[in-house]
Each structure stands twice: as C-alpha cells, then as structure tokens.
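Here is a short note to read beside the model. Please keep the sequence and the 3D view open while going through the points.

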Amino acid sequence: MARRRRTAEERTRRRFVRRQWARRWLTWRYVLAFVVVVALVGGGIYAVYFSTALSVQGVDVVGEETIATKDVLAAADVPTGGPLATADLVAIERRVASIAVVRSVEVTRKWPHDVLITIQEREPVAIVKRGDLLRAVDVEGVLFGSYQRAPADLPRIETGADADVDLAADPDALREAVTVVAALPDEVADLLDHVELSGIDQVDLVLGDGRLVRWGNADASTEKAEIVVPLLQQDGQVFDVSVPGQPTVSDRP
C-alpha cells in the first residue's frame, strides 16, 4: 500500500515538473524568438548601412544621346565604396542637372551595388545666333549646346532691327518664339527662312522668298496656323494673322 502511494506521488511530481518546464519553455520561447528577430534586424541594418556587402561599385547611365557618358559620370561624381543605402541621390541629381543639355534627371539605387542615372536630354527646336555662336533652344526657351554650322532642319530665331529683347536674357520671349515654331504647319515650315523676334508680343516669320508673316504673340497659334496656309495662296508680301479673326494681306509692311 505504501509502495503504491509512493509511486502515485512520484507520478504527481513528474507531472508537476513537466508542467513547470512547459511554462518555462513557453516563456523562453518568446524570448528566444525576440532575440532571433533582433539579431536578424540588426544584421540586416549592419549589412545595408555599414558593411561593404552592399556598397556602391558602379554607375549606369541611360538616356544619353548627344552627351558623352563620361561627361555625365564626371558631373555626377558618385562616390564608390560606401553603402549604397546612404548614397546622396539628391546631390547626384543636382550635379547632373547642371549640365546644360540635360532637361531632367532621375537617380535611383540599382541593388545590390549600382547607382542608376536616367536622363532626358533637351531637344532643339530652333537655333539662335549669339555673337559667333549658334546656340540650340528647346521648347522651354532654354539655350544649350552650340553648332559650327546651322542644321538645315532647324529654323533660326533672330532679333529684329528695333528689337527690345535680349534672346539670352529673356527666356519668356524665346518661349514665345519657339511656341510659334512648334505650331507651324509643314507647308509653312518648309518656306521659312527665319523667325524674327522684336518683342515678346511681336513674332514675325520671314519666308525664303522675302514674304513676311506677322504672327504677333504665341496665343492662338493653332488657329493662326490653320489660317496662314490658305492665306499664303493669295498675292501679297505681308500676311498678318496676329488677330486670327481678322487676317489681312498687303503688298508692303
């Protein structure tokens, strides 16, 4: 009888020990999981921000057409060897954007080791003569690049004899002129010798045969473009579409 009692007590103790161990394991299991998570997070942070495992090792450039890749890389001045995660992308963008021919730039991380520079170049829509230089101008009226000889497919923008604008210092006036150029139908663009700019509201088209189209400002350029084509079929030397609702044709300015 006493033996059975001791056996029952031992079984009770063992069950109690197992329950105690289960409770302790439940507590330590969460502690262990927390330690593992912290170790993983800490290791990840170290690998990304402090180690050389994800360092900057190269720079890729896309979108360049007229500008040399080496010139973009020189302007970008991307420091290599440091963590890719801490590379100052804004500063890189700012340096590349300072290149005159670059219209827009986006700099991103290309994991695991590279910086990607994506650029969009300015596209010339006309040329402007500044001293001995022929400068390109884009749709925003920004001067960039230069030519030794005027491209045959780009119209020339000049200032009139009594002009009160400086093409280099007045981007608003240049924007007026290039807006007009962009609106010209092919029939007129093919006849164009140059665009004469005398003021922000005074844009004239000088045709290759000497005829003159008074365009005025860039407002309603689409409507003016539709009017000027049939108007040029008439006899005359000066074709005024500055007020598109009242176009006129005359023999002299």
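**Notes on charged side chains**

1. Arg 94 counts as exposed because its relative accessibility is 55%. The classes are as follows: buried means under 20% relative accessible area, exposed means over 50%, and partly exposed is in between, with a 1.4 Å probe and protein chains only. Arg 94 belongs to helix H3, which covers residues 89–97. Helices (H or I, at least four residues) and strands (E, at least two) are DSSP runs, numbered from the N terminus. Between the C-alpha atoms of Arg 94 and Ala 75 there are 9.4 Å, while the two residues are 19 residues apart along the chain.

2. On the source: this is a predicted model, in which local features need pLDDT of at least 70 and side-chain atom pairs count only at pLDDT 80 or more, while totals for chains, interfaces and linings use all residues. Residues are numbered from 1 along each chain as its sequence is written, and side-chain values use heavy atoms, with hydrogens and water left out.

3. How many salt bridges does the structure hold? There are nine salt bridges. The term means a side-chain nitrogen of Lys or Arg within 4 Å of a carboxyl oxygen of Asp or Glu.

4. Lys 70 and Asp 71 form a salt bridge through their side chains, with 3.4 Å from N to O. Lys 70 counts as exposed because its relative accessibility is 61%. Asp 71 has 36% relative accessibility, so this residue counts as partly exposed.

5. In the salt bridge between Asp 204 and Arg 214, the closest N and O atoms are 2.9 Å apart. Asp 204 lies in strand S9 (residues 202–207) and Arg 214 in strand S10 (residues 212–216), so the pair ties together parts that are ten residues apart in sequence. Is Asp 204 buried or exposed? Asp 204 counts as buried because its relative accessibility is 4%. Arg 214, at 24%, counts as partly exposed.

6. A network of salt bridges links four residues: Arg 103, Arg 122, Asp 138 and Glu 140.
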